[in-house]
Amino acid sequence: MTAAARHVNDTGRSVSDAVVVVSDPWKSFGDRPVLRGINFTVSKGEVLCVLGPSGGGKSTMLRCVNWLETADRGAVWVADQRMGFELKGNHWKELPQRRLAEQRRRCGMVFQRFNLFPHRTALENAIEGLVTVQGLPRRQAEERGRELLARVGLSGREGAYPRELSGGQQQRVAIVRAIAMDPAVMLFDEPTSALDPELVGEVLQVMEDLAERGMTMIVVTHEVSFARDVADKVIFMDGGLVVEEGPPDQVLRNPTHERTKGFLARLL
């Protein structure tokens, strides 16, 4: 994998080495092809937004990045490691589950649903990985968790259980749980789709703050305004293929592919 040249992108954020390289993964479920060979690179500090219709392969692509879905062929690299494999001599060998779990720590994942433990408080949910996976002393983990919860506007809600939080607050806890592990890249799979409309903005604001802090992010979303304002690069996927990609102004304001034009016209 060749490192990207160090430069400052159009948004003024520093972009250096490639963090994610997606190299021609194909994936089928039974006889139904879902990914048909896609290629893109996300450099350090970049935000990539992925748009497209339902069933176009966006979520499957995202799950292939952290190898929650195994591609039938092709490869994905995260932070200079090929996901799911290690090189033994001249051959790639599949990793055992324990080693694969270690690789996945490089990817923070936020799903449509919040997946919080209902019997644990916001703080306990936020520090779960720090304590059980990283082995951080509980007092140190709690200090880190409180700091991050405050950053996303949840100071004073550390002791609340998920049932006592709004959907937007629960999603912010889920984001804290992911970023607490200090991942190389954050993966967001339609993080606002399960929220009431009035709660969407608070989650997008947290994601925008992460981008401003230099977090590398891949965001599957239908929030065109977020993609336009925050993304460094936008990809439009359909039928398991990357139909169009480029800077937000190009893809969102002046798309060249008819499929992209039709999709955006309906969305807007």
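**Charge, fold and one buried arginine in a predicted model**

Student: How many positive and negative side chains does the protein have, and how far apart do the centres of the two sets lie?

Tutor: This is a predicted model, in which local features need pLDDT of at least 70, side-chain atom pairs count only at pLDDT 80 or more, and totals for chains, interfaces and linings use all residues. Residues are numbered from 1 along each chain as its sequence is written, and side-chain values use heavy atoms, with hydrogens and water left out. Lys and Arg count as positive and Asp and Glu as negative, without His and the chain ends, each charge being placed at NZ of Lys, CZ of Arg, CG of Asp or CD of Glu. The protein has 35 positive and 35 negative side chains, and the distance between the centres of the two sets is 5 Å.

Student: What radius of gyration does the protein have?

Tutor: The radius is taken over C-alpha atoms, and the globule rule is 2.2 Å times the number of residues to the power 0.38. For 268 residues a compact globule would therefore come near 18 Å, and the protein agrees with this at 19 Å.

Student: Is Arg172 buried or exposed?

Tutor: Arg172 lies in helix 5, residues 167-179. Buried means under 20% relative accessible area, exposed over 50% and partly exposed in between, with a 1.4 Å probe and protein chains only. Because its relative accessible area is 9%, Arg172 is buried.

Student: Which residues is Arg172 in contact with, leaving aside its neighbours within four places in sequence?

Tutor: Contact means heavy atoms within 4.5 Å. With those neighbours left aside, the contacts of Arg172 are Val152, Gly153, Leu154, Glu202 and Val206.

Terms used. Helices (H or I, at least four residues) and strands (E, at least two) are DSSP runs, numbered from the N terminus.
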